[in-house]
Number of protein chains: 2
Amino acid sequence: MGTLVGMTPRIDPLSLEVVELIGTIVARYHEEYEEAAAQHSLTGAQARVLSLLAGGPTPMRRLAQRLKCEPSNVTGIVDRLESRGLAERRLDPADRRVKLAAATEAGRATSERLRGSLDFAREPLAELSDEERTILRDLLKRMLGIAP
Amino acid sequence: MGTLVGMTPRIDPLSLEVVELIGTIVARYHEEYEEAAAQHSLTGAQARVLSLLAGGPTPMRRLAQRLKCEPSNVTGIVDRLESRGLAERRLDPADRRVKLAAATEAGRATSERLRGSLDFAREPLAELSDEERTILRDLLKRMLGIAP
DNA sequence: TATTGTTATACTCTATAACTATA
DNA sequence: TATAGTTATAGAGTATAACAATA
């Protein structure tokens, strides 16, 4: 109180505006993702795992790393996908400790339809021209610290 | 199989790249938010409510609308904030049915520190010049369908 | 000994439905 | 009767700790 020590540094109005826009995008992205998942009776976590499995059989441990959660949580998520016939567990011939989670044929189909219902990709970007999209891409890359 | 009927429309590579960049931003944004909340021993939902309360006393109903969840959930979240002395419930003189959730002095302080630890605002944008930030702002606005 | 996956436990968030007190 | 908030309940995600099988 009455001192500036320890106070949050003020952010300029322009940056603040950009940050708020990004916050809006984040919110909308999540809404759409959860909505698309729900349309297939999946939770967000289940949809995320199913999408990962579309890339091929994956050790439980690796799924946990991708989800940034503890390995013990993945057990339940895959259990629920498995009980609905969307995923299955396989043994890894190379290391008998690991179990590979894999999408079933039904799982791949669901994953594909899920991807199709994520309108976030097409709709908002349709507003921009190719040139503008290129500019946007490069700015986002710089923001994320990815090479030019 | 063998037919295009019902297939997901192909998205052009440039748009796909932008979408993936946005996905990366969304992921990073969430990571940082949860991390910042955890640093203050708050869950994401608790941090979000506390931030809303920084805007002034708010009816429980309105909090549910902002969080896009059922009103019954807000009861527990505010309970937990209240039990830690970060929030309190007040009566609305105008309508005795409504309860106003409000941040305590400690709650406001925590909310302020929380805001300060959200580096996402400053760090990535620092890479861009003022002019670039302006371009980024306008592109994001167009993307979100917000007037020029 | 170290690693992989699982189980057991506890907490939080979530939706649904039923309840109360106001309006 | 309609609305605001709560309670009760059940399911899902999460972290922690302890455990079995394998390396």
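Me: Hi! What should the 14 residues of helix H7 in chain B span, at 1.5 Å a residue?
Reply: They should span 20 Å, and the end C-alpha atoms of H7(B), residues 130–143, are 20 Å apart, so the two agree. The expected span here is 1.5 Å times one less than the number of residues in the helix. Helices (H or I, at least four residues) and strands (E, at least two) are DSSP runs, numbered from the N terminus.

Me: Before we go on, what sort of model is this, and how are residues numbered?
Reply: This is a predicted model, where local features need pLDDT of at least 70 and side-chain atom pairs count only at pLDDT 80 or more, while totals for chains, interfaces and linings use all residues. Residues are numbered from 1 along each chain as its sequence is written, chains are lettered from A and ligands numbered from 1 in the order in which they are written, and side-chain values use heavy atoms, with hydrogens and water left out.

Me: Back to H7(B), then. Which of its residues are buried?
Reply: They are B:Arg133, B:Leu136, B:Arg137, B:Leu139, B:Leu140, B:Lys141 and B:Met143. Buried means under 20% relative accessible area, exposed means over 50%, and partly exposed is in between (1.4 Å probe, protein chains only).

Me: And what comes just after H7(B)?
Reply: There, B:Gly145 takes a positive phi of about 70°.

Me: New topic: how many helices and strands does chain A have?
Reply: Chain A has seven helices and three strands. Along the sequence they follow the pattern α-α-β-α-α-β-β-α-α-α. Of its 148 residues, 41% count as buried.

Me: In what order do the strands of chain A sit in their sheet?
Reply: The order is E1-E3-E2, in an open sheet with antiparallel pairing. At the edges are E1(A) (58–59) and E2(A) (87–91), each pairing on one side only. Two strands count as paired if DSSP finds at least two bridges between them.

Me: How many bridges link E2(A) and E3(A)?
Reply: Five bridges, in the antiparallel sense, with E3(A) covering residues 99–103. One residue to look for is A:Arg89, whose bridge partner in E3(A) is A:Ala101. As background, strands of a sheet pair through backbone hydrogen bonds, either parallel or antiparallel.

Me: What does A:Arg89 contact on DNA strand C?
Reply: An N or O atom in the side chain of A:Arg89 is 2.6 Å from a phosphate oxygen of DNA strand C. For B:Ser72, a polar side-chain atom lies 2.7 Å from a base oxygen of DNA strand C. A polar contact is a pair of N or O atoms within 3.5 Å; within protein, one must be able to donate a hydrogen and the other to accept it, and residues adjacent in sequence count only if both atoms are side-chain atoms.

Me: Which helix gives the most to the surface near DNA strand C?
Reply: H4(B) does, with four residues.

Me: And near DNA strand D, which helix gives the most?
Reply: That one is H4(A), also with four residues. By class, the surface near DNA strand D has seven nonpolar, six polar and nine charged residues. Here Ala, Val, Leu, Ile, Met, Phe, Trp, Tyr, Cys and Pro count as nonpolar, Asp, Glu, Lys and Arg as charged, and the others, Gly among them, as polar.

Me: What rotation superposes chain B on chain A?
Reply: A rotation of 180° with 0.0 Å of shift along its axis does it (RMSD 0.1 Å). The two copies are thus related as by a two-fold rotation axis. They are superposed by least squares on the C-alpha atoms of residues with pLDDT of at least 70 in both.

Me: Which residue of chain B comes closest to the axis?
Reply: B:Val26, with its C-alpha at 2.6 Å.

Me: Last one: where does B:Tyr29 lie?
Reply: B:Tyr29 is in helix H1 of chain B, residues 13–39. Its relative accessible area is 23%, so B:Tyr29 is partly exposed. The C-alpha atoms of B:Tyr29 and B:Leu118 are 9.1 Å apart, with the two residues 89 residues apart along the chain.
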